[in-house]
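I opened this notebook to record what I looked up in one structure. The entries follow the order of my searches.

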Amino acid sequence: MSAKQKILVVDDEPDILDLISYNLTREGYQVFTATNGRLAIEKAKEENPDLIILDVMMPVMDGIEACRLMRAMPEFKHTFMVFLTARSEEYSEIAGFHVGADDYIAKPIKPRALMSRINAILRRTSQEVVETYSDKVAIADLVIDRDEFIVYRGTDKIILARKEFELLYLLASKPNKVYTREQILKSIWEDSVVVTNRTIDVHIRKLREKIGESYVSTVKGVGYKFDLN
C-alpha cells in the first residue's frame with residue numbers, strides 16, 4: 001500500500017471522524033476530513049483523493065447528493081466512493097449504489113473490519129489484482145479470454161454461453177465494484193431486448209455452477225459483484 005494514497009472522510013460526528021482518521025493514518029494513508037457533503041466536494045477538488053468515505057445522513061448536503069454531484073464531474077469519475085450506513089438503512093445502501101458508490105461500510109464502525117474493507121478496495125489501484133492485456137483479464141485464478149470466449153481456471157478450460165461470458169467479463173473487469181441490475185441489463189442486453197431481473201439471476205446461477213460459487217457475490221436488493229475479499 002502506497003503511503004501517498006489519499007482518503008477523504010466525510011461525517012458530521014466528530015467521534016466517527018476521529019476514529020476513522022486515526023485508523024487510516026496508522027495504516028499509512030494521507031487523511032483529510034469534512035463534515036458535510038458540500039465541504040466534501042470542496043476538499044475533494046483541492047486534494048484529489050483516491051477514495052472518499054461518505055456518511056449518508058449529514059446537514060447542508062447529504063452523502064447521496066454529494067456522491068451524485070461528484071460522479072458527474074470528470075475528475076471524480078473513477079474515484080472510489082464508499083458509504084457509511086447504519087445496519088437498518090438498507091434503502092440508503094441501494095440509493096448509494098444507484099448514484100455511483102463502490103461499496104458501503106456498516107455502522108457501528110469496527111476498526112479491523114474497516115481497514116480490511118478499505119485495503120481491499122484500494123488494492124484495485126495499489127496492486128495489479130487485475131491484469132488486462134489484449135482482450136484477456138487475469139484475476140484470482142481465472143483467465144478470461146474475450147477473443148475465444150473461453151475461461152481458464154488453472155489448467156481447466158471452462159466453456160460459457162455468450163451472455164454468461166459477457167456477464168463474467170463485466171464483473172471481473174472491476175472487482176469488488178457492485179453492478180446494479182439496471183447497469184448489467186444496459187451493458188449486456190442493451191435497450192433493444194426485453195429482459196427481466198429473473199433473467200439476470202438465472203445467468204448468475206448458471207455462471208456459478210460452471211466457475212464456482214466463490215467468485216460472484218450477491219448484494220441484496222442491488223445487484224452483483226466479483227468478490228476479491
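I took buried to mean under 20% relative accessible area, exposed over 50%, and partly exposed in between (1.4 Å probe, protein chains only). The model is predicted, so I noted that local features need pLDDT of at least 70, that side-chain atom pairs count only at pLDDT 80 or more, and that totals for chains, interfaces and linings use all residues. Residues are numbered from 1 along each chain as its sequence is written, and side-chain values use heavy atoms, with hydrogens and water left out.

**Entry 1: salt bridges**

I searched the whole structure for salt bridges (a side-chain nitrogen of Lys or Arg within 4 Å of a carboxyl oxygen of Asp or Glu). The search returned 11 salt bridges.

I looked up glutamate 164 and found a salt bridge to lysine 210, with the closest N and O atoms 2.8 Å apart. Glutamate 164 lies in helix α6 (residues 162-173) and lysine 210 in helix α8 (residues 197-211), so the pair ties together parts that are 46 residues apart in sequence. I took helices (H or I, at least four residues) and strands (E, at least two) as DSSP runs, numbered from the N terminus. Glutamate 164 is buried, at a relative accessible area of 3%, whereas lysine 210 is partly exposed at 35%.

I then examined aspartate 201, which forms a salt bridge with arginine 181; the closest N and O atoms are 3.2 Å apart. This pair links distant parts of the chain, as aspartate 201 is in helix α8 and arginine 181 in helix α7 (residues 181-189), 20 residues apart. Arginine 181 counts as buried at 15% relative accessibility, and aspartate 201 as partly exposed at 23%. I also noted one network, in which salt bridges that share partners join Asp11, Glu13, Asp55 and Lys107.

Arginine 68 pairs with glutamate 65 at 2.6 Å between the closest N and O atoms. The two are 3 residues apart in helix α3 (residues 63-71), which means a separation of about one helical turn.

I checked the length of α8: at 1.5 Å a residue, its 15 residues should span 21 Å, and its end C-alpha atoms are 21 Å apart, in agreement. The expected span is 1.5 Å times one less than the number of residues. The buried residues of α8 include Ile200, Val202, His203 and Ile204. Among the elements covering the buried residues of α8 are α6, α7 and β12 (216-219).

How do α6 and α8 cross? Their axes come within 10 Å and cross at roughly 85°, and the two helices are therefore roughly perpendicular to each other. Residues making the contact (heavy atoms within 4.5 Å) include Glu164 and Leu167 of α6 and Leu207 and Lys210 of α8.

**Entry 2: backbone geometry**

I recorded a cis peptide bond between lysine 107 and proline 108, with omega about 0°. Proline 108 lies in the loop between β5 (103-107) and α5 (111-126). Most residues other than glycine have a negative phi, and most peptide bonds are trans.

Which residue in the loop between α6 and β11 (179-180) did I look up? It was asparagine 176, whose phi is near 75°, a positive value in a residue other than glycine. Asparagine 176 counts as buried at 2% relative accessibility. Asparagine 48, also not a glycine, has a positive phi of about 50°. Just after α8, glycine 212 takes a positive phi of about 115°.

Terms used:
Axes fitted to C-alpha atoms, helices over the stretch in contact; angles between N-to-C directions. Parallel < 35°, antiparallel > 145°, perpendicular 65-115°, else oblique.
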